[in-house]
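Subject: Structure for you to look through

Dear colleague,

Please find below the sequence and the structure that I promised to pass on.

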Amino acid sequence: MNPSIENSIAPAPAIPPARLPRKTPWLGLVGASICFLWLMVALFGSWIAPHPVGEVVSDNVFDTISAVYPFGTDYLGRDMLSRVLIGARFTVGLALVSAVLASGLGTLCALLSVVAPKWLDEIISRLMDAFISIPSKMLALIMVSAFGSSEVLLVCTAVLSYTPGAFRIARSLAVNIEALEYVQVARTRGEGRIYIACKEILPNMLNPVLTDLGLRFGFIVLLLSGMSFLGLGVQPPDADLGSLVRENIGGLNQGAAAIVIPALAIGSLTIGVNLFIDRLASRRGRRAGGR
Amino acid sequence: MNSNTLWLIVQRFGAAIVTLLIVSMVVFAITAVLPGDAAQQALGQFATPEQVAALRIKLGLDQPGVVRYLHWLMNLIGGNFGESVSNAMPVSDLIAGRFPNTLMLAATTALVSVPVALTLGIGSAMFRGGRIDGALSLITLALVAVPEFLVATLAVLIFAVKLGWLSALSYGGDASSPWQFMRTYALPVMTLSCVIVAQMARMTRAAVIDQLDSAYVEMARLKGVSPVRIVLRHALPNAVGPIVNAVALSLSYLLGGVVIVETIFNYPGIASLMVDAVTNRDMALVQGCTMLFCSAYLGLVLMADLCAILSNPRLRTQ
């Protein structure tokens with residue numbers, strides 16, 4: 001049987017990443033700037049926030065955008081600008097930690113399964129296949145129902161749902177590299193398995209793995225803010241951007257800034273990440289194609 | 001269809017059932033075994049050890065996890081999902097009451113989004129590299145990236161608050177007249193369609209472009225066949241398999257989106273039932289809904305697989 005057909009009908013759906021036209025390199029720059037801006041907000045947001053996060057500053061709830069309150073006020077009359085600046089720390093921080101852990105764990109398992117004996121590879125691959133067939137939101141819902149919601153649990157859930165995808169991509173990269181001559185040479189030289197995995201294979205798959213990490217970060221932002229939006233994510237008094245949308249949902253009928261702005265903030269973050277990653281991926285594709 | 005294809009299909013079905021079994025093990029392990037003693041939790045801190053022991057025996061918790069899992073699985077196969085604690089009703093009754101609503105929402109969304117997505121995908125493949133194609137890839141990239149509740153919020157703001165055409169809240173199931181039906185379903189369906197149309201259009205575009213790059217299309221072009229005819233008569237019949245595959249995969253994304261959309265529009269479907277169950281930690285109901293969603297998801301992925309197999313002529317001739 002044709003092995004490429006066998007691979008193409010594996011149980012997990014794979015959406016081909018979007019490719020923007022090559023004529024628009026500035027979009028990648030826009031994406032990178034948005035990512036940088038949000039990273040800065042996550043790091044220094046609590047310093048530049050004009051008000052403490054829980055302070056009620058205005059008698060008007062769901063105030064519109066004004067010079068005093070640039071993002072309006074929320075359902076209790078708190079300053080939305082401060083709440084968004086501080087909430088971004090949870091959204092970006094939790095997603096970044098989860099994405100790094102998921103990608104790291106996935107890559108580690110992939111390297112292990114490539115250099116380890118066949119039976120270990122089989123076990124790891126089957127296990128990952130089982131986890132990939134539970135939709136991430138379903139897994140998050142059952143995890144929260146079983147253990148209650150906390151930040152540690154949210155990170156664990158995100159890692160559990162997104163490690164299999166990272167594993168799959170890293171494994172296919174590692175398998176390809178493992179077949180190359182220089183790895184064969186290293187093996188003939190008598191190098192150990194750990195040396196081959198860390199010194200020969202890993203450095204040569206780092207770029208695509210980092211791109212994949214970026215994509216995963218975007219997915220995890222969506223998952224975590226979705227959970228917070230359902231009231232099952234970050235719990236009060238802490239609030240990430242998804243919780244801000246949820247707690248101000250009462251202002252929807254008035255078109256309050258308090259609900260639109262955090263939702264737009266999440267959207268801008270994920271779109272920025274995608275634009276940036278898309279640019280990186282297409283540059284790499286051109287380099288590889290130009291060989 | 002020859003025995004080779006038939007065998008491949010049987011294999012796929014077998015793999016799907018095995019995966020579903022593993023999924024059920026994971027679900028059971030997370031919801032019933034790992035969290036610890038359900039009897040202790042139910043009775044609280046001040047229960048006497050005798051009370052806890054009695055409830056443990058009543059709930060069957062004194063048996064090992066494997067026995068409990070097999071018992072649970074047998075019940076599940078027999079259609080007995082257990083009793084919902086927070087509603088004091090059998091889970092199967094609760095699910096049966098809500099299931100038609102979710103099915104209606106999903107079916108309407110599919111009915112709306114598939115034609116739109118196919119038109120967009122095929123259109124942008126035909127005018128590849130043009131301005132329309134560029135705009136569409138940017139829009140689909142943005143739509144795939146944003147959370148469902150942003151789309152929902154903006155849709156409510158525009159159509160319900162500013163324009164006043166539709167009501168912000170959905171009163172699911174009220175479909176007595178076509179007009180009522182429109183008002184009830186317009187916003188949820190629009191929100192769900194946005195993300196799915198973007199996914200599907202992008203995958204359709206990729207499938208058609210894959211065909212347009214092939215040698216026989218080049219031949220047709222050299223022969224002087226018009227671009228429209230090339231796409232409709234030459235490329236499209238060969239792209240049907242990948243496109244149906246794309247449609248089935250995209251529809252599996254409904255499962256994630258429907259959770260958010262049913263919550264934001266107060267739509268009485270399975271997903272909002274499940275979110276309530278998670279909030280109340282109503283385990284039997286969570287297990288039932290999860291298994292239902294995971295089966296639907298695996299079913300759609302299986303369908304996508306089968307379409308890929310059936311549409312691949314290489315597998316038929318071998």
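From the N terminus on, the elements of chain A run α-α-α-α-α-α-α-α-α-α, and the count for this chain is accordingly given as ten helices and zero strands. Please bear in mind throughout that this is a predicted model, with an ipTM of 0.81 and a pTM of 0.84. For chain B the mean pLDDT is 81, and 90% of its residues reach 70 or more. Where pLDDT is low, the predicted coordinates should not be read in detail.

To stay with chain A for a moment, 49% of its 291 residues count as buried.

The largest nonpolar core has 175 residues, and the members that touch the most others are Val84(A), Ile220(A) and Met274(B). Helix H3 of chain A, which covers residues 80-115, gives the most to this core, with 17 residues.

The contact between the two chains takes 47 residues from chain A and 58 residues from chain B. On the side of chain B that touches chain A, helix H13 (residues 283-310) of chain B gives the most, with twelve residues. The residues on that side of chain B comprise 40 nonpolar, 14 polar and four charged.

Next come some helix pairs within chain B. Two packed helices are described by the angle between their axes and the distance between the axes. Helix H5 (residues 91-126) of chain B packs against H8(B) at an angle of about 35 degrees, and their axes are 6 Å apart; the crossing of H5(B) with H8(B) is right-handed. In the contact of this pair there are 19 nonpolar residues, seven polar and one charged.

Helix H8 (residues 178-212) of chain B also meets helix H11 (residues 254-264) of chain B, where the axes come within 10 Å and cross at roughly 145 degrees, again in a right-handed crossing. On the H8(B) side the contact is made by Pro188(B), Thr191(B), Leu192(B), Val195(B) and Ile196(B), while H11(B) brings Leu254(B), Gly257(B), Val258(B) and Val261(B). Of the residues in this contact, seven are nonpolar, two are polar and none is charged.

Is Ala239(B), with its 24 C-beta neighbours inside 10 Å, buried or exposed? Ala239(B) counts as buried, because that number of neighbours reaches the cut-off of 20 or more. This residue has its place in helix H10 (residues 227-252) of chain B, and, not counting residues up to four places away in sequence, Ala239(B) touches Ala207(B), Val208(B) and Gln211(B). The C-alpha atom of Ala239(B) is separated by 48 Å from that of Val67(B), a residue 172 positions apart from Ala239(B) along the chain.

Helix H9 (residues 215-223) of chain B is the other place: of its nine residues the number buried is zero, so this helix lies largely in the open. H9(B) is followed by Gly224(B), whose phi is positive, near 95 degrees.

With kind regards

Terms used
Residues numbered from 1 in each chain as written. Chains lettered and ligands numbered in written order. Predicted model: local features only at pLDDT ≥ 70, side-chain atom pairs only at ≥ 80, totals over all residues. Contact = placed C-beta atoms within 7 Å. Helix = DSSP H or I, 4+ residues; strand = E, 2+ residues; numbered from the N terminus. Nonpolar A, V, L, I, M, F, W, Y, C, P; charged D, E, K, R; others polar. Axes fitted to C-alpha atoms, helices over the stretch in contact; angles between N-to-C directions. Left-handed = near helix turned anticlockwise from the far one by under 90°. Buried ≥ 20, exposed ≤ 12 C-beta atoms within 10 Å, placed from the backbone. Core = buried A, V, L, I, M, F, W, Y, C linked by C-beta atoms within 7 Å. pLDDT = per-residue confidence, 0-100.
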